[in-house]
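Here is a friendly note to read alongside the model. Please keep the 3D view open as you go through the points.

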Amino acid sequence: MRQIFLDTETTGLEHKHGHRIIEIAGVEMKNRRLTHHHFHYYLNPDRDIDEGAQAVHGISREFLQDKPRFADIAAEFLDYVRGAELVIHNAPFDIGFLNAELARLDMAPVTTVCASVCDTLRMAKDLHPGKKNNLNALCDRYQVDNSHRTLHGALLDAEILAEVFIAMTRGQESLLMDLGSDKPAQQESQAMTLASHERRTLRVLRASDEEIAEHARTLAGINKESKGKCLWLTTD
């Protein structure tokens, strides 16, 4: 399976109010292995950046003046995500901005190109209802090092999200899997096949006649003490 862990930074919170993407990053993973094939651009939004947004990501309009515009990288971006599952924390936010950018170019929504979208925020809320499920909280919960995350940044956040996702879903795969390991995938397949074979060949130890008789005597005693109300004892 090919997955792209995606994140964006923007000029503000609402694309419906004309806010734009100013940083976009993708981190590729194949069969739960990071490939180090990244996609990363800073983008000139041709508009001001809200003070609140700049306080979060630290990106200024002056820094973006000589950067490409979304139109310049749109085709490359679509080729990068084509056929992959997008994994995004709070996916509706990023998908909304991406589709708004594509719509400005009379291009189809990103969901028509990618295979599917996985929202890790929704996943985290299902796994940990009532708890904080932002990226920092998940890093603490799953012991993912985010000490170098002093500001939001699309590439850094996408890399951290990949690590968090592996930790969140590790129970679905072999416990031998290790993020970024160079061990061949065949070893994982062999380990999972062995575990499956062991489950299929478990020995079943049936109770002996003496154990069955002792069980019957125990139930009879419970039935007597509860005046015939032993739920495990059937009578004609």
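1. A pocket is an open set of points on a 1 Å grid over the protein atoms alone, where a 1.4 Å probe fits, with protein on both sides within 12 Å along at least five of seven lines; lining residues have an atom within 4 Å of a point. The largest pocket here holds about 580 Å³ of space. Among its 27 lining residues, Asp 7, Thr 8, Glu 9, Phe 93 and His 152 are the closest to the centre.

2. This is a predicted model: local features need pLDDT of at least 70, side-chain atom pairs count only at pLDDT 80 or more, and totals for chains, interfaces and linings use all residues. Residues are numbered from 1 along each chain as its sequence is written, and side-chain values use heavy atoms, with hydrogens and water left out.

3. Which element gives the most to the lining of the largest pocket? That is β1, with five residues. The lining has ten nonpolar, eleven polar and six charged residues.

4. Now for the inside. A nonpolar core is a set of buried (under 20% relative accessible area, 1.4 Å probe, protein chains only) Ala, Val, Leu, Ile, Met, Phe, Trp, Tyr and Cys residues joined through side-chain atoms within 4.5 Å. The largest such core has 24 residues, and Ile 24 and Phe 77 are among those with the most contacts (heavy atoms within 4.5 Å) inside it. With seven residues, α3 gives the most to this core.

5. A second, separate core has 20 residues, including Cys 118, Ala 124, Ile 166 and Met 168.

Technical notes:
Points joined across faces, edges and corners; volume = space filled by probe spheres on them. Helix = DSSP H or I, 4+ residues; strand = E, 2+ residues; numbered from the N terminus. Nonpolar A, V, L, I, M, F, W, Y, C, P; charged D, E, K, R; others polar. Buried < 20%, exposed > 50% of the residue type's maximum accessible area, 1.4 Å probe, protein only.
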